[in-house]
Amino acid sequence: MSQHLIQTDVKSTLSTAEIAAIDAEIAHLPYTSAAAIDALKIVQAARGWVSDECLIAIAKHLDMSVEQLEGIATFYNLIYRQPVGDKVILFCNSVSCWICDCDKVKERISDLLEIDYGETTTNNRYTLLPVPCLGACDRAPVMMVGDDLITHLDDEIIETLFGPNQQAQSD
Amino acid sequence: MPKIIVDGQTLEVSQGENVLQACLNAGLDLPYFCWHPAMGSIGSCRQCALVQYQNEHDTHGRLIMGCMTAVTDGARFSMDTSNAVEFRKAVIESLMLNHPHDCPVCAEGGECHLQDMTVMVKHRDRRYTGKKNTHRNQYLGPLIHHEMNRCITCYRCERFYQNYAGGTDLGAQASRDRLYFGRQTDGVLESEFSGNLVEVCPTGVFTDKPFLADYSRKWDLQSAPSICGGCGVGCNIAPGERYGRLKRVHNRYNHEVNGYFICDRGRFGNAYVNSQKRLNYPGLQMPDGRFKAIDHQAALSRAAHWMKNKRVVGIGSPRASIESNYVLQTWLGAKQFCAGFSEREGALTCGIVEILQATRAINPSIKQMESADAVLVLGEDLTNSAPRVALALRQAVRNKSIAMAEQIGIPEWQDAAVRNLAQDALSPLIIVSSAATRLDDIASHVHTLAPNDIANFGDVLIEHLRGNISEDVDIINIADCLMTAKSPLIISGVSLLERGILDSAAGLAETLYDHNPHTMLSLCAPEANSIGAAMLSHTDNLSLAQITERASDIDVLVVLENDLTRRLDPTSMQQLIASGTTIIALDILENETLNHATLALPAASFAESQGTLINMEGRAQRFFPAFKPAHERQPSWQWLLHLAALDGHGELSKIIHFDEIVHACAQQHSPLARLTEVAPDHSFRRHGQKIPRQTPRYSGRTAMSADLSVHEPQQPKDLETPLAFSMEGVNQNQPAALKSFVWSPGWNSNQAIQKFQAETQKPSVGVSSGIRLLISSGKGIPHTSTDRTAFAQSNGWQLIPIQCLHGSEELSAYTDEIAELAGDPFVALTESCALELQVAAGDGVILSSNNVNLSLAVKIVARMAKNCIGFSAGYTQTLSLSAGSHVQLQRDPNWRPFKPLVIASDRRPNAQLRHNRHG
C-alpha cells in the first residue's frame, strides 16, 4: 500500500477539475477523509467508474490508506470499481416491481441487449444492474437508464428503448 | 454493587459493566464472537442474546444483546428461556451457512472459538444445501496466512488492526455476504502487531503461517509459561513444542504487562530455537580453525585443566538470566567479572536503575501507562524499541475520548459509540525524536532534534516548568499539556545512547511531580535482562574496555551468552582475539564470538531452560522450559555450576539445583531479596501433584519415537520446576506464573482465559504477574542543569541509530521470517537529503569516515534531525557504525543489495524436511 501511495502522483492521475471539485467538498468538512464518498462520486461522474489508479490517487489526496477508501468504495453498490457501459440500467426487482411482473420485463431487456445482471453490452452502451428500490413503487415496474427514470415498463417501452431499430439508429 | 437476576440466580456485578461481561464473570457460558475484553462491544454478531424482563410480572420479555446492555440494579434476564436459546442457535446456523466444512484441515481446529460456540449452542445439523460463498485469499507476508472463506464477519480483525493497533492496511471491504477482510492488494501486512490477528480472529481466517508449515494441534503441544526475550518489556508468552521443535508462541495473559497482545517479534521471532545454527555439542577449536565435537565430560575436564591456577575472567550478558549471571559472578568474584554491557550501554542501563531507584514519580507498569492522559516521549521510536509500550500508548491517547463519553454517560465498552463521538480527538502525545517514529500518526506535537538537542529541549522544558518562562510557543504548549494532565507520563530510553536524554526525562518527571504526584516516569531498557544485569553489577566489576586492554593478562575468558562483536568496536574485538586468551564461550547459536572461542559450549535456549529476567520496569519474571534440551545442550547456569565446581569453588560446588541459586542470589543481593517469590519453587504441588505441560488429550506420547525404539520411553523427569513433562498432574488453581496453557471444559480456544480471571480484563486468579524488584526510595533526583553544547556542525553527517522491530534484535534475526522482513541494512535519509545526494529509495550510498567504509541501501524517512542520517541499528553489517560519530556520504554507483531476498515461506518446507524426522 505505502509503495502505491509513494509511487502515485495525484496530479498526473486526477484532472485539475476533479481535484478542484474534491477540494471544494473538503472545504465544507471537518475532516478531509469525510469527503471520501463525494470524491469517489466526482471521479466516477467524470470517468464512468473508479479505477485502481484513481482510487489510490484519491486516497493519497484525502490522506487515507487505500484500504480505508476501498472499504468505502466497495461498500456502495453505485460506486463502480469496474468499467461500465455508457449508460447503466438500474433495474428495480424489489417487491412492488416484482408484483407487477418485472421479471418478464427484465427477460425482454436481456433478450434484446444480450446481457444479464452485471454484464455490459458488446458495443459498450449499456450495463445492467439490479437495484432494490427506486422510490417509484406507484409507477412500477420501473428502471433508470443513465439519469432518466422510466416508469410503467412494458414490452413496448423496452422495444422502443432497446429494440433493433433503436440500436441501429444510434449506431 | 448492583445485583442482576439471571434465570433466577442473583449475581453481584460491577457498576457500569455490560451483561455479557457480568455473565462471563459469574462463570456462565454465554456465547459471543465480536466482543473482546480489551476492545469492548459493537454488537455486530448478535450471538450473546438474552431475554430481558421488565419486572417480576413480565413473563414475555424481549431479546437484548448482552454485550450492548449495561447492568442496572435489579434487572432481570434469562439465558435459558427458549426464545434466547433458539435465537442464539439460529445466529450460529446463519454464520455456518457460508463457513466451510474444513475443520480437519484448518489450523484453528481444536482451538477455535467458532467450534466452541457452535458446540455450546448445540447446533448440529446443516440444513442449508446451497452453494457457499467463496473468496480469493491474499498473500499477507511471511507471518500471516489468509483463508477468507472461513470468515464469520465479526469485525474483530479490523477493530484490532485499525482501532487498537493503529494499522491502516487491513480492513473491511464490500458489504452483505460479499464482506471481505483484507488488504487492497496482496502484500506484507505493515503493522508490527499483525500476529495478534491469529488470536483475535475467532476462527481460522488469519492463522500463524510458520506454524502452519510445521503444524501440530494445540492439544498436541507441550507448553510452559515463559517470558519473551525480544526486548526489555518482558511480555509473557506460551511457547508450544512437539518433536523437540518450538512450534509456535502464543500470548500468555499478564494483566500488568502484555494483557492480551504481543508484538510480531515476540510471536514469530523465537524460531531461532530450531535454527540450524544451534550448537548441539561442545566444540573444541582445532589448529586449522575447525571445531571438533566432543562430549560434555571431555569439554569440562579440558576447561578445568586450562583454568587450574590461572586467571579466569567472566563476561556476563544482559540477555542471559539473573541466575546464570549470578553464578558466573559468584564463581569468579566481582573483580574478575564484567556485566557484559558495552561501555555506553552499561553506563546508560545503570543510569536507568539509579534514576528508577530514586525518582519520586511513579514507575508505571505497561497497563498503568494506558491510564496516562498526556505523554511525552523523549528520543525513542517505541514501536520498534519497546513495541508493547507503543501499543499501550495507542490506548492512552484514547483517554480523551473516553472522558468525553463519560461526560454524556456512554460507558467505555460501547466502542463504536465512543469512537463516533470522539472522531479524531486524542489526548496529547508529544514526541521529541531524531527521526520519524511509528507513533507520529497519533502525536499532537512532533519535534525533530539531534540527540544532544533532545536533552537540551527537555532542560528548557524543565526550566519553563520551574518558572523561567520560555517564549517558545511549543514549549509553552507542551508544558500546558503536561501541567493540565491528571496523569502525565514521561517515557525515554537508551536507543540514541545519550545519557543527557535520560537525565532530562528524570528531571522533567521530578519537576512535574512537584505539581502532580500522579506523574509517571518510564525508561526503556534494550534487552530482556538489561535491568537485571545492571542490578547484579558491582562497582568492582571490570568493564569490557578493561578486559580488552589487558586481555593478555587474562588466561581464560568465560563468555556467557554474549556476542562481543555486538558490544565492542572492531579494533577492540581484534585486540581481544589477538591477545591469545583462551575463550570459553557458552551460547545458543553460532556467532562471531563463538567462532573465535577455543571451546564452545551449547547453551539451552529460553524454551529449554529456566531463569529470571527483570524487565524495564524492574519486574522480575520467571520463564520455564517447555521441553528438555536435546543433545549435549544444558542451561547456562548448569554449565557454569559444573565449571565452578571443577574450579574448586566451595560455595557453588554445593549447589545442584536451580532453586538453590535463586536462594543464594536473593540472600547475597539485597535488592534481589524477593527473587524467591517470583514463582513457586520446584517443591510446589497442587493436591500433591505436579502441574502438567501437556494437555489432557496429548496424543502419540508413546508412539512419537517409535521410529527409533519400540519400547515405551519414560517421560523425562523435571527435578527443577513444579511442572511435569506429562499430561498427568493437576492443572487447577495454580498461580498464573505456573499456567502452561489455557483450557477449560467447552473452551478450547485462547478465549478460555476468562475462566481464570476473577473478572474479564482483570488479573488472573492466584495472581503472580512477577515481582517488582526495582523499588524507588522516593528521595528524588536533584536536577543539575548541565550546560550541554548544542549540536555543533562538524564535518559530515551525524549517525543516528534506527531501531527496527525486525532486524535489530540479535536472536530473532536468525528466524527466516524475521530475516525476510528485516531486509537489507539501510541508511535513513529525508527526501530532501536524498535529492541532494541524487539517490532514491533502494539505491545505495557509501558511508565513509576514518574507520568505516560501508555501502548501504537508501531508505527514505519522513523526518530526520538536521545534519543527521539514520542507520539500521543491530544489523550485523552495521555493527561497525558508532552512534553519534560523523561520516561522509556519497552515491554508490555500483551498489548491489547485500543478499538475495530470503523468502521464508519457500525455505521452510526444506528446513522442515531436514529437521522433522516425523514430517
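## Basis of the model and domains of chain A

Domain bounds come from an automatic or database domain assignment. On this basis chain A is divided into domain 1 (3-75) and domain 2 (87-170). The centres of domain 1 of chain A and domain 2 of chain A, taken over C-alpha atoms, are separated by 31 Å.

The model is predicted: local features need pLDDT of at least 70, side-chain atom pairs count only at pLDDT 80 or more, and totals for chains, interfaces and linings use all residues. Residues are numbered from 1 along each chain as its sequence is written, chains are lettered from A and ligands numbered from 1 in the order in which they are written, and side-chain values use heavy atoms, with hydrogens and water left out.

## Two helices of chain A

Helices (H or I, at least four residues) and strands (E, at least two) are DSSP runs, numbered from the N terminus. Axes are lines fitted to C-alpha atoms, for helices over the stretch in contact, and angles run from 0 to 180 degrees between N-to-C directions. In chain A, the axes of helix α8 (residues 102-113) and helix α9 (residues 155-162) come within 10 Å and cross at roughly 25°. That angle makes α8(A) roughly parallel to α9(A); angles under 35 degrees count as roughly parallel, over 145 as roughly antiparallel, 65 to 115 as roughly perpendicular and the rest as oblique.

## Aromatic pairs and charges over rings

Over all chains, the structure holds 14 aromatic pairs. Rings of Phe, Tyr and Trp (its six-membered ring) pair if their centres lie within 6.5 Å; planes under 30 degrees apart count as stacked, over 60 as edge-to-face and the rest as tilted. B:Tyr32 and B:Trp35 form an edge-to-face pair, because their ring centres are 5.2 Å apart and their planes stand at 90°. Both B:Tyr32 and B:Trp35 are buried, where buried means under 20% relative accessible area, exposed over 50%, and partly exposed in between (1.4 Å probe, protein chains only).

The pair of B:Tyr164 and B:Phe261 is tilted, with 4.8 Å centre to centre and 55° between the planes. This pair links distant parts of the chain, 97 residues apart: B:Tyr164 is in helix α4 (residues 156-164) of chain B, and B:Phe261 is in the loop between β13 (245-251) and α7 (264-268) of chain B. B:Tyr164 and B:Phe261 are both buried. Ring pairs also link these two residues with B:Phe160, B:Tyr253 and B:Tyr260 into a cluster.

A charge sits over a ring if NZ of Lys or CZ of Arg is within 6 Å of the ring centre and within 35 degrees of the ring normal. B:Arg242 lies over the face of B:Tyr698, at 5.1 Å from the ring centre, and the charged end of B:Lys739 sits over the ring of B:Phe756, 4.1 Å from its centre.

## A covered helix in chain B

Helix α9 (residues 322-332) of chain B is mostly covered, with eleven of its eleven residues buried. Among them are B:Glu323, B:Tyr326 and B:Trp331. B:Gly333 follows α9(B) and has a positive phi, near 90°.

## Backbone features

Most residues other than glycine have a negative phi, and most peptide bonds are trans. The peptide bond from A:Ala140 to A:Pro141 is cis, with omega near -10°. A:Pro141 lies in the loop between β2 (126-131) and β3 (143-145) of chain A.

A:Asp101 is not a glycine, yet has a positive phi of about 70°. A:Asp101 is found in the loop between α7 (95-99) and α8 of chain A, and counts as partly exposed at 40% relative accessibility. B:His687, also not a glycine, has a positive phi of about 50°. The loop between α24 (658-668) and β28 (691-692) of chain B holds B:His687, which is exposed, with a relative accessible area of 62%.
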